[in-house]
Amino acid sequence: MPLNSNASTRLTGGCLCGELRYEVSGQVIDAGYCHCRLCQRASGAPMMAWLTCADSHFRYTSGTPAEYHSSSRSLREFCPHCGTHLVFRTVGQDHLDVTMPSLDDPDQIKPQYHIWCASKRPWLQIGDMLPRFDDDGPDI
């Protein structure tokens, strides 16, 4: 399923309090919902929607994020003032994930799949017809 046609345009977003602002420029690689327990705990929600882009296509335009190593390979970036979770990085990768709800216009990108469905909460009913993966899903 293709991303929206404007996926390669400049996307902007930020945290709840406005301290952290960012932009994504260039092509978005993909987008999807993650149901893993780490995302559930980090977001306080049953799943998180992410877009993936090259490291070189992402930059903070204001503020400095706090960082938390949620595993030996994973780094999560969030606002040190309001706690909004913005970025997920995997050590050694040349891309990163950005929380789609933190975009100024979250409707610019549409999720393409669900990953880590083995951890999906049983009380969460998903009504879309997007592909579902028990693990980390499609290779980017």
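Modeller: The model is predicted. Its protein chain has 1 helix and 10 strands, and from the N terminus on the order of these elements is β-β-β-α-β-β-β-β-β-β-β. With a radius of gyration of 14 Å, close to the 14 Å that the globule rule gives for 140 residues, the protein chain is as compact as a globular protein of that length. Along the principal axes, its C-alpha atoms fill a box of roughly 40 × 30 × 30 Å.

The part to look at is Ser-71. This residue is placed in the loop between β6 (66-69) and β7 (74-78). Ser-71 has a relative accessible area of 30%; because buried means under 20% and exposed means over 50%, Ser-71 counts as partly exposed. In the protein chain as a whole, 45% of the 140 residues count as buried. Ser-71 and Arg-10 are 61 residues apart along the chain, and a distance of 30 Å separates their C-alpha atoms.

As for contacts in the protein chain, 58% of those with a separation of 6 or more are between residues 24 or more positions apart. The accessible surface of the protein chain is about 7,600 Å², and carbon and sulfur atoms account for 51% of that surface. Among the side chains of the protein chain, 12 are positive and 16 are negative, with 6 Å between the centres of the two sets.

Key. Residues are numbered from 1 along each chain as its sequence is written. This is a predicted model: local features need pLDDT of at least 70, side-chain atom pairs count only at pLDDT 80 or more; totals for chains, interfaces and linings use all residues. Side-chain values use heavy atoms; hydrogens and water are left out. Helices (H or I, at least four residues) and strands (E, at least two) are DSSP runs, numbered from the N terminus. Buried means under 20% relative accessible area, exposed over 50%, partly exposed in between (1.4 Å probe, protein chains only). The radius of gyration is taken over C-alpha atoms; the globule rule is 2.2 Å times the number of residues to the power 0.38. Contact means heavy atoms within 4.5 Å. Accessible areas come from the Shrake-Rupley method with a 1.4 Å probe; for residues, only the protein chains shown count as cover. Lys and Arg count as positive and Asp and Glu as negative; His and the chain ends are not counted. The place of a charge is taken as NZ of Lys, CZ of Arg, CG of Asp or CD of Glu.
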